[in-house]
Amino acid sequence: MKHWSTWLKWGGVVILAALLVRALLVTSCFIPSSGMENSLYRGEGVLVNKWSYGLRLPCLSWFGYHRIGARVAEKGDVVLFNNPNPSDMEIPVDHRELYISRCLGCPGDTLMLDENLLPAGGEMISPCAKNLYTYPSSAEDSVLHLLGDLGIVGNMLAGYTEEGRYIRSFSHREISLIRQSMGYEIGFERLGEGDTCGIHPFVVPGKGRTVDVNSWNVNLLCNTIRNHEGRKAGVSGDTLFVEGRITAAYTFTKNYYWMASDDPANLGDSRLFGFVPEDHLIGKAWRIWFPVCKERFFQYIR
């Protein structure tokens, strides 16, 4: 009896220690989609450092938002955060589904985005980040054969242009390999390259920062003000109304971030749910503990 009692006590200590580590130091999640390939692959388990931006205290619905040792996320970080735009906004923030994306814009940054809210002519933050490329539909068989020869797997067709060209996403490394093989013969073109039509500056809101309302950002700002600033807001034409008053500029009370998938064909990022408030951030992705191949075990996430 004594033997079993000792084992039960030690089992309780181990479980308690694991719960404390998960609550206060490191949490884990599995990658649900292909949006972060080739940095992270679908199904991989990653460890997340909960102190990267300061520890967010639990039970937000009871005690409100508090963070110990708060720090601002940095551009290029791979961040775990709660869904900023769930189907039911009454769900407490810390009980919402999880997303993992790369931080592309920090509070106060100005991003040049096209009509699809994709970066236009911006820097490549990650070497694994992908861009959309088009090619003639008549070359589809050659492209599939080429992908197989180069070992580029899981690259699904992303869509079609109005002219009937096919669209796929490739990283800088992948498109280089393709062009070295026979890509120049196929005629790959980066989608939207050289076309500045529809490109506009988007200011990422920061605490105490006033952002001007324009026709291209009015809906995005309206949703942010309504869902995260706790104000009544609406849009009529290109005019923003806050608490029933016409608003040409708005001063925000929180810091926000713009999150982007490494693969632009995947919409699980700020193009879908808008700016991400600071209170939704959980931590920075740290290391891979459950890899798709043994070579990636405990690999540092960049």
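Is Cys59 buried, partly exposed or exposed? In this predicted model, Cys59 has a relative accessibility of 29% and counts as partly exposed. Cys106, by contrast, is buried, at 10% relative accessibility.

Cys106 is in no disulfide, and the nearest cysteine sulfur, that of Cys103, is 3.8 Å away.

The overall architecture comes next. The protein has six helices and 20 strands. It comprises 302 residues, of which 42% count as buried. Among the contacts with a separation of 6 or more, 65% are between residues 24 or more positions apart. The accessible surface comes to about 16600 Å², and carbon and sulfur atoms contribute 56% of that area.

Strand β8 spans residues 130-135 and is mostly covered, with six of its six residues buried. In a regular strand the side chains alternate between the two faces of the sheet. On one side of β8 are Lys130, Leu132 and Thr134, and on the other are Asn131, Tyr133 and Tyr135; all of these are buried, and both faces are therefore covered.

The pairing of β8 involves two further strands. With strand β10 (residues 166-171), β8 pairs in the antiparallel sense over six bridges. Within this pairing, Tyr133 stands opposite Arg168 of β10. With strand β11 (residues 189-190), β8 also pairs in the antiparallel sense, over two bridges. Here the bridge partner of Thr134 is Glu189 in β11.

The tyrosines of β8 lead on to the aromatic residues. The structure holds 17 aromatic pairs. A pair of aromatic rings is described by the distance of the centres and the angle of the planes. Tyr133 and Tyr135, both on one side of β8, belong to a cluster linked by ring pairs that also takes in Tyr160, Tyr166, Phe170 and Phe188.

Another aromatic pair is formed by Phe297 and Phe298. What is the arrangement of the rings of Phe297 and Phe298? The pair is tilted, with 6.0 Å centre to centre and 35° between the planes. The angle falls between the limits of 30 degrees for stacked and 60 degrees for edge-to-face, which means that the pair counts as tilted. Phe297 is exposed, with a relative accessible area of 52%, whereas Phe298 counts as partly exposed at 36% relative accessibility.

How values were computed. Residues are numbered from 1 along each chain as its sequence is written. This is a predicted model: local features need pLDDT of at least 70, side-chain atom pairs count only at pLDDT 80 or more; totals for chains, interfaces and linings use all residues. Side-chain values use heavy atoms; hydrogens and water are left out. Helices (H or I, at least four residues) and strands (E, at least two) are DSSP runs, numbered from the N terminus. Buried means under 20% relative accessible area, exposed over 50%, partly exposed in between (1.4 Å probe, protein chains only). Contact means heavy atoms within 4.5 Å. Accessible areas come from the Shrake-Rupley method with a 1.4 Å probe; for residues, only the protein chains shown count as cover. A disulfide is a pair of cysteine sulfur atoms within 2.5 Å. Rings of Phe, Tyr and Trp (its six-membered ring) pair if their centres lie within 6.5 Å; planes under 30 degrees apart count as stacked, over 60 as edge-to-face and the rest as tilted. Two strands pair if DSSP finds at least two bridges between them.
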